[in-house]
Amino acid sequence: MIEDLLRHAASTDTAVWVVGLLILAFWLRRWQVDAQIARLGGRACAVQTRLPYAIDFIYKATVANLENRDLEFWDGAIMNARGASRIANPKTAELSSGMSNRVIVTKDPENIKALLTAQFEDYGKGESFHRDWKEFLGDGIFVTDGEPWARSRHLLRPMFVRERIVDITIFEKHVQELLPLLAGQGLTSHAPDSSPAVDVVPLLYRYALDAATDYLLGQGTDSLVNPKAEFAEAFRYVQQRQAEIFRMGMFNGLLSRKRFRRELRTMDNFVQPYIDKVLSLSPEELDRKLQKRETFLDALARFTRDPRVLRDQMYTVLLAGRDTTATTLSFCLFELSRNPAVVAQLRSEISSRLGVGARATPPNYTDLKEMKFLTAVLNETLRLYPVVPFNVRNSLRDTTLPRGGGADGQSPIGVRRETRIIFSTIFMQRASEYYDGPGTPKYLDPQQWLPERWVSGWQPKPWHFIPFNGGPRICIGQQFAMLEMGYTLVRILQEFEQILPRPPGGKDKVEDPVLRFDIVLSPGSELNCVFVKH
Ligand code: HEM
């Protein structure tokens, strides 16, 4: 009996000691981390959480994402952080969880500029990002840092030089398939005396996929003609699952990869024969082919004969180039439908240079470069709806960010290695403080889509408009994207005189588009338009 009591007392003592030591170790580690950060710089305002590991914050962020309230949520996180009320216009906050995890959120152009240029070597995608994306994109440009990234950039740069992108006739075939679908071909459920409304989003996604695969392989997926195309469906699923894997962070091992891998095999089976074919050509045969008509794959095969590298880089370019242009064009057409005066002005620019209707000629590279109002319309869309509204970097070593620390939020922030930084272009590009205010002669509401701001003397300050990012890692396909989107818009407006907005299903009036935040920004609601010919 006494022995039992003694044993019990001893085991209770041990348990108390173990718990006590664990708590001590936790606080010592916390203290060590705090000291490391203090040595490097200050701290930003702290986002308030109640539960360990910021579980409550992660839960609320996930719900906000599912309800498409990301903008409101992240803005609130910064504005309501502890200490933010003391700062004139808080732009940066931080979230600590566990012993040492820390995430910094910023919309400050000074910090974004440092991340992307001045301190480029200190920040990258990070090892965990590479690990999460490896099955899909391998060691492609999008997911690597340092030397492997530089090698990819060097390999891909020649694919996007002027001489290679100047021939834009590749888009014409796909535009010709798109135009009748915009006019409502194949739709039966509309009143016979009115033009049918079409949701432009799925059509532009299919258009951009067909154009991208044609450009890459010389063979489009033809998903405009056949919406159930196997590759298109596999690519859709792989992207969706990849976004989920990314969002789940350290818990992503819980997600099944079975279908993900099956669909990846479907994609590989589609692409592999093209890779085999190009690799079967001798360098001389390849050169002869390049003199006739070359695809992206042909050109890339001149620089590498490694089938895995060819596959990884092609998937990367497909991922980087497809949804981005499809999304931008979708928002752009929808905004045009709500702004008939802009349609008239753009059509007038197109008409005087290239004609409209039956006598229209397709634009060439120089036309697209020189059409100022067309560029204004695209820039305004990228300003209000930047395709990568939130982006992520990880610190690759102990370093700093220039602003957001200290009581006034103006001092540098200390950043330990492996700290995640979320930076937002959408907040920055929409912030009223960077525009002429109400009451001034040049006032144009920054929350509204108004392309005339770009042709009325307004210029964004450096680093205040960066839809393609900036610095060494700036979008390598920027020029190509602007040409593709410009060509598509011109051809659509040569065909149709008017675009009219229609409410999404279940609504009785046209509203602002719902913004869906996944890997890239996309419309979270139907964008219905009626395309009217002359
Ligand atoms: C509206 C169209 C587009 C937008 C707004 C856009 C935007 C961006 C942004 C913001 C990045 C930086 C991502 C990061 O570093 O985290 C990026 C990278 C990239 N983009 Fe684009 N992009 C567009 C179209 C395209 C097209 C059409 C292509 C190719 C055909 C392309 C190829 C790439 C590649 C390969 C990268 C990785 C560059 C690197 O890491 O060095 N993009 N893009």
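Is R397 buried, partly exposed or exposed? R397 is partly exposed, because its relative accessible area is 41%, which falls between the 20% and 50% cut-offs. The model is predicted. This briefing covers the iron site, the sheet, the salt bridges, the backbone and the surface.

**Iron site**
- C475 is the only protein donor of the ligand's iron atom. Its SG atom sits at 2.3 Å.
- The UniProt record, an unreviewed entry, lists C475 under "binding site".
- C475 belongs to the loop between α18 (425-430) and α19 (478-495).
- C475 counts as partly exposed because its relative accessibility is 33%.

- An open sheet is built from six strands, with mixed pairing. The strand order is β1-β2-β3-β9-β6-β4.
- β1 (45-46) and β4 (123-124) are the edge strands. Each of them pairs on one side only.
- β4 and β6 (residues 390-395) run antiparallel and are joined by two bridges.
- Within β6, N394 is the bridge partner of G124.
- R397 is placed in the loop between β6 and β7 (399-405).
- Along the chain, R397 and G124 are 273 residues apart. Their C-alpha atoms are separated by 9.9 Å.

**Salt bridges**
- The whole structure holds 33 salt bridges.
- One of them pairs R403 with D108, with the closest N and O atoms 2.9 Å apart. R403 is in strand β7, and D108 is in the loop between β3 (101-106) and α4 (109-118), so this pair ties together parts that are 295 residues apart in sequence.
- D108 counts as buried because its value is 4%.
- R261 and E135 also meet through their side chains, at 2.7 Å from N to O. R261 lies in helix α11 and E135 in helix α5 (residues 127-137), so the bridge ties together parts that are 126 residues apart in sequence.
- R261 is partly exposed at 39% relative accessibility. E135 is partly exposed at 34%.
- D312 and R311 form another salt bridge, with their closest N and O atoms 2.9 Å apart. Both residues are buried.

**Backbone: positive phi**
- A54 is not a glycine, yet its phi is positive, at about 55 degrees. A54 is found in the loop between β1 and α2 (55-66).
- Why does A54 count as buried? Its relative accessible area is 3%, and buried means under 20%.
- W463 is likewise not a glycine and has a positive phi of about 75 degrees. W463 is in the loop between α18 and α19.

**Nonpolar surface**
- Which residues make the nonpolar surface patch of about 780 Å²? They are L51, Y53, I55, M248, M250, F251 and L254.
- L254 is located in the loop between α10 (230-248) and α11 (258-280).
- L254 counts as exposed because its relative accessibility is 71%, and exposed means over 50%.

Key. Residues are numbered from 1 along each chain as its sequence is written. This is a predicted model: local features need pLDDT of at least 70, side-chain atom pairs count only at pLDDT 80 or more; totals for chains, interfaces and linings use all residues. Side-chain values use heavy atoms; hydrogens and water are left out. Patches are made of residues with over 30% relative accessible area and no salt bridge: like charges are joined within 9 Å, nonpolar side chains (Val, Leu, Ile, Met, Phe, Trp, Tyr) within 5 Å. Accessible areas come from the Shrake-Rupley method with a 1.4 Å probe; for residues, only the protein chains shown count as cover. A salt bridge is a side-chain nitrogen of Lys or Arg within 4 Å of a carboxyl oxygen of Asp or Glu. Helices (H or I, at least four residues) and strands (E, at least two) are DSSP runs, numbered from the N terminus. Buried means under 20% relative accessible area, exposed over 50%, partly exposed in between (1.4 Å probe, protein chains only). Donors are N, O and S atoms within 2.8 Å of the metal (3.2 Å for Na, K and Ca); water is not among the atoms, so sites may look incomplete. Two strands pair if DSSP finds at least two bridges between them. UniProt positions are given in the numbering used here, feature names are shortened, and annotations may be inferred rather than shown by experiment.
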